[in-house]
Amino acid sequence: MPDPSATADTSAPDDAALWIATLLRQFPELATELAPGRTAPAHRPAGPGPAPGHHAAPLRLHISDTIRDITDGVVELEEAVRERLGLGRPRRATVPERLRRIAALFDSIAADPVLAAHVRNETRRMARRCARALGDTETVVRVSGRCPWCDSVSLRAFPDRAAVLCVNPACRCSAADCACHDDPAYRHTWNEGEWSRR
């Protein structure tokens, strides 16, 4: 059982790092899902195209909307981060490259609690939107024991994120500046390595 007097939840930048890793893994899958079945295998040439006006695999508009939303969101997030840190406008780049550039600024982001919370909230929103569009359901495993903050049997492991979360929506910790006090979507999070050492 972790010691509740210790800093149990990760900082906002650590949480954002989990969401950025999820986006880096899932965002490229959206392009594949945009028009499934359209590409021919590399070892054989594509057959004749469909008759005009008749497409076998129409574009999936909800995927297209998700790609646009996440692309715009990542561009706006990087611009906001760099403006707040006084770094000037970023050069053009792909979504994955922009995400890696944001991650590279985590030390500076962590020094600004307001900015860190914004980065966490935006990356979480975009990662969840991406997962919904792909139809992914995240594996959840119940963890024995009680949450060190709320004493509830509400601990769950999320192997895809390598994290343990308290899923009790009423959970509040003793740190006055923790997001659990003002963000209903926030959940106390421990990375698996940190949890295993407790």
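Student: At roughly what angle do the axes of helix α2 and α3 cross, and within what distance do they come?

Tutor: The model is a predicted one, and what follows is read from it. Helix α2 covers residues 61–84, and its axis crosses that of α3 at roughly 30 degrees. The two axes come within 10 Å, and the crossing is left-handed.

The residues that meet may be taken helix by helix. From α2 come T71, V74, V75, L77 and E78. On the side of α3, their counterparts are V95, R98, L99, R101 and I102. Sorted by class, this contact holds 6 nonpolar residues, 1 polar residue and 3 charged residues.

Helix α3 itself spans residues 95–104. Within α3, V95, R98, L99, R101 and I102 are buried, a term that stands for under 20% relative accessible area. Viewed down the axis of α3, the buried residues lie within an arc of 160 degrees, and therefore they line one face of the helix. The residues named as buried in α3, V95, R98, L99, R101 and I102, are also those listed for α3 in the contact with α2.

For orientation, the model also contains an open sheet of 4 strands, ordered β1-β2-β3-β4 with antiparallel pairing. Strands β1 (141–142) and β4 (189–191) are at its edges, each with a single partner strand, so one side of each has no neighbour in the sheet. Strand β3 (residues 163–166) is joined to β4 by 3 bridges, and A163 is opposite N191 in β4.

Technical notes: Residues numbered from 1 in each chain as written. Predicted model: local features only at pLDDT ≥ 70, side-chain atom pairs only at ≥ 80, totals over all residues. Heavy atoms only, no water. Buried < 20%, exposed > 50% of the residue type's maximum accessible area, 1.4 Å probe, protein only. Helix = DSSP H or I, 4+ residues; strand = E, 2+ residues; numbered from the N terminus. Arc of directions from axis to C-beta. Pairing = 2+ DSSP bridges. Axes fitted to C-alpha atoms, helices over the stretch in contact; angles between N-to-C directions. Left-handed = near helix turned anticlockwise from the far one by under 90°. Contact = heavy atoms within 4.5 Å. Nonpolar A, V, L, I, M, F, W, Y, C, P; charged D, E, K, R; others polar.
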